[in-house]
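Here is a short briefing on a single protein chain. Look at the sequence and the fold, then read the points below.

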Amino acid sequence: MASRGGVMVTGTNGADFQHREKIAAQYQISALNKSRLKYCVFFHHVLFLAMLAKLSADILDKLDIFILEIEELQIPQPLWWEYIWCLSVALSFLGLSAIKRNNIKFLRRYMYGIAGLGLLPLLYCVLHYCGDVWLYLTAEDDEEEEIMLWQGYPYGLLWYAFVLLGSQVHFFQLYFSYNLLTAWRSRGSYKKAE
């Protein structure tokens with residue numbers, strides 16, 4: 001047993017630590033990317049709450065609930081891609097379950113789901129509003145009447161801001177998931193080699 005102020009082994013200056021065990025690189029990568037993926041899932045939930053606030057007027061209309069304050073905001077009717085994007089938040093539970101158990105199969109499904117339910121609707125949004133955004137950016141002062149505005153802001157640019165944030169979150173989710181897959185595969189091949 002070592003003591004703090006005790007005798008040091010003769011012939012050493014304390015720098016001979018190469019023989020000690022180290023944590024394998026794949027385990028360090030796995031721990032780091034699990035933590036980062038959890039942050040991405042948190043930001044995904046924050047964006048979901050913002051989208052849910054936008055969809056609240058339509059949801060309340062479908063439930064025949066009238067709230068004057070929400071109706072006064074005159075929120076534009078949602079498009080189908082907004083509801084599809086909202087489904088992507090359910091995938092976060094699959095991703096969190098995968099990183100808890102180091103399950104490659106669940107993590108792969110999570111990645112496919114994020115690509116399909118997260119990124120594809122955002123791509124549709126970019127294509128749908130590109131005409132409005134282009135018109136706003138190139139319009140003269142007298143042509144601004146044709147541009148759709150909400151609360152005085154161009155509606156297409158507001159969606160582009162959401163797409164910018166959402167695509168960053170989704171790309172980071174895919175990147176950290178890919179790093180986890182790589183680390184977990186190398187761990188599996190290392191075990192098989194032994």
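Asparagine 102 has a positive phi of about 55° in this predicted model. That residue comes just after helix α4. Helix α4 covers residues 91-101.

**Helix α4**
- Six positions are listed as buried in α4: Leu91, Ser92, Gly95, Ser97, Ala98 and Ile99.
- Asparagine 102, with its positive phi, follows directly after this helix.

**Overall layout**
- The protein chain contains six helices and two strands.
- Read from the N terminus, the order of elements is α-α-α-α-α-β-β-α.
- The chain has 194 residues, and 34% of them count as buried.
- Take the contacts between residues at least 6 apart in sequence: 78% of these join residues at least 24 apart.

**Packing of α3 on α5**
- Helix α3 spans residues 80-87, and helix α5 spans residues 104-138.
- The two helices pack at an angle of about 160°, and their axes lie 8 Å apart.
- Angles over 145 degrees count as roughly antiparallel, so α3 is roughly antiparallel to α5.
- The crossing of α3 past α5 is left-handed.
- On the α3 side, the contact is made by Trp80, Trp81, Ile84, Trp85 and Leu87.
- On the α5 side, the contact residues are Leu117, Gly118, Pro121, Leu122, Tyr124, Cys125 and Tyr129.
- By class, the residues of this contact comprise eleven nonpolar, one polar and no charged.

**Glutamine 173**
- Glutamine 173 sits in helix α6, which runs over residues 155-193.
- Is glutamine 173 buried or exposed? Its relative accessibility is 0%, so glutamine 173 counts as buried.
- Which residues does glutamine 173 touch, leaving aside those up to four places away in sequence? They are Leu37, Cys40, Val41, His44, Tyr110 and Ile114.

**Cysteines**
- How many disulfides does the model have? The count is zero, with a disulfide taken as a pair of cysteine sulfur atoms within 2.5 Å.
- Cysteine 86 has 11% relative accessibility; buried means under 20%, so cysteine 86 counts as buried.
- Cysteine 130 has 36% relative accessibility and therefore counts as partly exposed.
- Cys125 of α5 belongs to the contact with α3.
- Cys40 is one of the residues touched by glutamine 173.

Conventions
Residues are numbered from 1 along each chain as its sequence is written. This is a predicted model: local features need pLDDT of at least 70, side-chain atom pairs count only at pLDDT 80 or more; totals for chains, interfaces and linings use all residues. Side-chain values use heavy atoms; hydrogens and water are left out. Buried means under 20% relative accessible area, exposed over 50%, partly exposed in between (1.4 Å probe, protein chains only). Helices (H or I, at least four residues) and strands (E, at least two) are DSSP runs, numbered from the N terminus. Axes are lines fitted to C-alpha atoms, for helices over the stretch in contact, and angles run from 0 to 180 degrees between N-to-C directions. Angles under 35 degrees count as roughly parallel, over 145 as roughly antiparallel, 65 to 115 as roughly perpendicular and the rest as oblique. A crossing is left-handed if the near helix is turned anticlockwise from the far one by less than a right angle, and right-handed if clockwise. Contact means heavy atoms within 4.5 Å. Ala, Val, Leu, Ile, Met, Phe, Trp, Tyr, Cys and Pro count as nonpolar, Asp, Glu, Lys and Arg as charged, and the others, Gly among them, as polar.
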